[in-house]
Amino acid sequence: MKVTWKLPDGSEISADVAEGTNMMEAAVANNVPNVIGECGGNLACATCHVYVDDAWAGKTGEQDDFEDAMLDATEAPREDRSRLSCQIVASDGLDGLVLIVPEA
Amino acid sequence: MTVWTPTDDGHADLTSHDTFIQGAPHNTFKRLRDEDPVHWTPYPSGEDFWSITRHADIMEMNRNTAVFSSARGIRMEDQSHEEYLARRTFQETDAPEHMKTRIKVAKAFSKPVIAQFEEDIRVLCDEILDEALAEESFDATKSIARELPMRMLGRILGLPDKDLPWLVEKGDALIANTDPDFTDHVLDKLETDEFRMMPFNSPAGAELYVYAKELMADKEAAGDTEGVLHMILQPDKDGNTITEEEFRNFFCLLVAAGNDTTRYSIAAGMQAMCHQPELLGQMQSEDIWATAPDEIIRWATPALYFRRTLAQDFEAHGKTMREGDKVLFWWSSGNRDEAAFDDPFRVNLAREPNRHVSFGQGGPHVCLGMWLARLEVRVLFQELAKRIAHIEADGPHEFLRSNFVGGIKKLPVRIKRA
């Protein structure tokens, strides 16, 4: 599936991501700035915070309680469209997904 | 000029505390990375274990919590199930238990909340440096590195200033429990059986427990609900609270972890400044502050390793690790791996990217206090660099006697004020 990250400076990074890969791993593999993933995708650090583009609202899966709690610990302000990108897993249904990377 | 040259013969005993008096045995780690990256390590005073020394392997295994469990201890030493239960903190649990505790305090230690302490830290650094730099030659670990972290932790926990020296002493006795300079109860040299159930096997753990109980009683009486300790006592959304034992252990963990890891990062950074004279100039004139703290913390690697236990068999580099085997992730070795870092024995304040593992990055137990540590290190070195024109070693430095905490416990320096 194809994913596009919109960066704070207005530029974009797009990549093909294999099914089953999470969006934090994909971002790190594609050198997307500000998506760090210090805890390896284990919901312990909130450093892979992204905003989901409005067109994809409600389509990236449910947040569990731990993600909900950790979203209170993000650096950029939490919004309704906030997700920890390690919790979004690539699948055919997400082909064309657009994620917005917060400012550092 | 390299900052420090390891002197071990390449076959050091990784289990001996005495090995580490010379600093981490990096010639041994290099040999293991090159020849035997999944190394079965004999341990005369306990169960033998696997040593993992390559950065890439540490990263891969640390995230794989289904195989590499924290729930049977995180130190080299073996402990009975009974001891484990009495002494564990959320460090010694796996998901989801680990996260249930962690989410209670995650926000308090998050980057934006910690960033609000920058001015406080700067004021503390002013005080500490004004006093320390009144002398031209002094022990930098004692006069500078030892002072900042505990004073800051006191602020965050809401502890009275008058208690801080006592807490530093107890924190030292807890975590440096193998160095006779810091405890009368040297773990591997005395019969510490009566302390087996206490945090870090130490009577200091028992004293801290009493202190924490009284502190919380005082706070409750005063209606004080500020701070991290209050947060951890609150029930979760299912109404579960932590037990008294868990609270005691959490408090001891904060005192121990908040006390000496940042101290030894600061000490290692100052030692590097003595041996790489260009670092001071870079701190004074170059825009290196986004990267410098992580490089100093990589250089220091205060936690030498953490242990996991195999929950199922796992194969790597032709070796089969069996369910129940102990595994040590040697962060200290990973942080000097030439495959992950160019010129790993040089401090490069502009190093980018810097995928060091001092905080246990890549796994769920990544250091809760990492943003605080980075901020303290940044502000301390910013303020130090403003105040001095020159720094040099004023005699040999001494490492802690511990195979678990890597630290320079004595760092004689001579400075010229700016």
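1. pLDDT is the predictor's confidence in each residue, on a scale from 0 to 100. This is a predicted model, and chain B has a mean pLDDT of 91, with 95% of its residues at 70 or more. For the complex, the predictor gives an ipTM of 0.93 and a pTM of 0.94. Where pLDDT is low, the predicted coordinates should not be read in detail.

2. The contact between the chains. Chain B contributes 17 residues and chain A contributes 15 residues. On the side of chain B that touches chain A, the elements giving two or more residues are α2 (55-63), α4 (97-105) and α5 (111-115) of chain B. Of these, α4(B) gives the most, with 3 residues. By residue class, this side of chain B divides into 7 nonpolar, 6 polar and 4 charged.

3. The sheet of chain A. Five strands form an open sheet in the order β2-β1-β5-β3-β4 (chain A), and the pairing is mixed. The edges are held by β2 (12-16) and β4 (82-84) of chain A; each has a single partner strand, so one side of each is left without a neighbour in the sheet. From one strand to the next, the twist averages 35°. Within this chain, β3 (residues 49-52) and β5 (residues 97-100) of chain A are antiparallel and share 2 bridges. V52(A) has L99(A) in β5(A) as its bridge partner.

4. Strand β2 of chain B. Strands of a sheet pair through backbone hydrogen bonds, either parallel or antiparallel. Both senses occur here: β2(B) pairs with β1 (residues 38-41) of chain B in the antiparallel sense over 4 bridges, and with β8 (residues 326-329) of chain B in the parallel sense, also over 4 bridges. W50(B) takes part on both sides, standing opposite W40(B) and having V327(B) as its bridge partner in β8(B).

5. The three-stranded sheet of chain B. This open sheet has the order β4-β12-β9 (chain B), with antiparallel pairing. Its edge strands are β4 (137-139) and β9 (388-393) of chain B, each with a single partner strand, so one side of each is left without a neighbour in the sheet. Neighbouring strands are turned by 30° against each other on average, direction ignored. Between β4(B) and β12 (residues 412-417) of chain B there are 3 bridges, and the two strands run antiparallel. S137(B) faces R414(B) of β12(B) across this pair. Helix α12 (residues 244-275) of chain B lies across β9 and β12 of chain B, and its direction makes an angle of about 95° with β9(B).

6. Helix α13 of chain B. Which residues of α13 (residues 278-285) of chain B are buried? They are L279(B), L280(B) and M283(B). These residues cover an arc of only 100° around the axis, which puts them on the same side of α13(B). An α-helix has 3.6 residues a turn, so residues three or four places apart point the same way. The face of α13(B) turned away from the buried side carries the exposed residues E278(B), G281(B) and S285(B). Among what covers the buried residues of α13(B) are α12, α16 (370-387) and β9 of chain B.

Note on methods
Residues numbered from 1 in each chain as written. Chains lettered and ligands numbered in written order. Predicted model: local features only at pLDDT ≥ 70, side-chain atom pairs only at ≥ 80, totals over all residues. Pairing = 2+ DSSP bridges. Axes fitted to C-alpha atoms, helices over the stretch in contact; angles between N-to-C directions. Contact = placed C-beta atoms within 7 Å. Buried ≥ 20, exposed ≤ 12 C-beta atoms within 10 Å, placed from the backbone. Arc of directions from axis to C-beta. Nonpolar A, V, L, I, M, F, W, Y, C, P; charged D, E, K, R; others polar.
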